[in-house]
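Here's a protein model to explore. Have a look around it first, and then we'll go through its inner space and its strands together.

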Amino acid sequence: MRNERKYKIITLLSLALALLLLGLGVREPFRMATAEYRQHEEYVLKGAQIYAEHCVQCHGPYGEGVVGMPLNRAEFRVDPASPAGKEIYAYLFDTIARGREGNAAHYQWVRVKTPEGKDAWMSYTEMPAWLKEHGGPLDEEAVKALTLFIMYDDPSGSQWYMVGDSSKAPIPAADLTPDETGVIPLPDADVPEEVNVTAKALLRDLAKTQCLTCHRIGSKGAYIGPDLSQLGLWGIDKEFLVEWIKRASGPNAMPHDERMPIYWSQNRAITSTEIDLSERVVSEGPYYMPAFEDRLTDEEISVIADYLLGLK
């Protein structure tokens, strides 16, 4: 009797253990998938933070592109484990890691004609290397996080709205500290003195122009838009700059293929000006910079453009 009871207990314990192991086996793939999802989300958040700190000025808060190529693109938002995703991951990781040298023999932006005969911008803008192995400040985990952030597989591109969120991925604070005379110091441009005086007064009026709340000029300003300290070396002309200031966004915005380059150097050591004009990358927004055509007069926009083009 005692042995029979003992065998029953052993049988029940064995059955319970088997059921436990079966349950663990069923749950394990789910547990692993959940852990992988959480790890991926952590990478994306870390990538957003790195992007906010290092990449916004060139590529825009929404990844819309400015002096850097647009990154908020549907073809990048794919599963990195898929065959296409592995190729895109390798391309983005390598580009971030090694950067692009650009071409010192040319301005950063050059006017070209599209195959359809329309004026367009071609970019030779340099991109620095970001991986420590190539002289940059980031380790492999950081470059991986930045790559996964750009590739986040959401059709709406929701990851871009983390950038600038103070609780998730804050952008470095602006420096608008006045000097001992009580004004924000700005560099002199290679323009007539009256242009320097008038333009600087406008730029210091933050409520009116807002330029320094997004852009850096000299040692002052913010890190949201491109650094304008050497805008005169970009290769752009006054007509374009005036339109850019007037119609950067909104219902009367410049067409997508006119507001920034659509041709981008695809290699790291350009030896000629030849770029395949059938391969274009056109930003479709959304655009962060507001339009100023109803906020500033034509004369005010003109003098600001003259000043900026004189910064070299």
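In this predicted model, 14 residues line the largest cavity, and those nearest its centre are Glu64, Val66, Gly225, Pro226 and Met289. How much space lies in the largest cavity? About 140 Å³. Sorted by class, the lining of the largest cavity has 9 nonpolar residues, along with 3 polar and 2 charged ones.

Now for the strands. As a bit of background, strands of a sheet pair through backbone hydrogen bonds, and they can do so in a parallel or an antiparallel way. Here, 3 strands make an open sheet with mixed pairing, and their order is 1-2-5. Strand 1 and strand 5 (263–264) each have a single partner strand and stand at the edges, so one side of each has no neighbour in the sheet.

Here's how the pairs look:

| Strand pair | Sense | Bridges |
|---|---|---|
| Strand 1 (residues 109–113) and strand 2 (residues 119–123) | antiparallel | 5 bridges |
| Strand 2 and strand 5 | parallel | 2 bridges |

Which residue of strand 2 stands opposite Val112? That's Ala120. Strand 1 and strand 2 form a hairpin with 5 residues between the strands, and in this hairpin Gly117 takes a positive phi near 90°. As for strand 5, its Trp264 is the bridge partner of Ser123.

Technical notes. Residues are numbered from 1 along each chain as its sequence is written. This is a predicted model: local features need pLDDT of at least 70, side-chain atom pairs count only at pLDDT 80 or more; totals for chains, interfaces and linings use all residues. Side-chain values use heavy atoms; hydrogens and water are left out. On a 1 Å grid over the protein atoms alone, a cavity is a set of points where a 1.4 Å probe fits but cannot get out, and a pocket is an open set with protein on both sides within 12 Å along at least five of seven lines; lining residues have an atom within 4 Å of a point. Grid points are joined across faces, edges and corners, and a volume is the space filled by probe spheres set on the points. Ala, Val, Leu, Ile, Met, Phe, Trp, Tyr, Cys and Pro count as nonpolar, Asp, Glu, Lys and Arg as charged, and the others, Gly among them, as polar. Two strands pair if DSSP finds at least two bridges between them. Helices (H or I, at least four residues) and strands (E, at least two) are DSSP runs, numbered from the N terminus.
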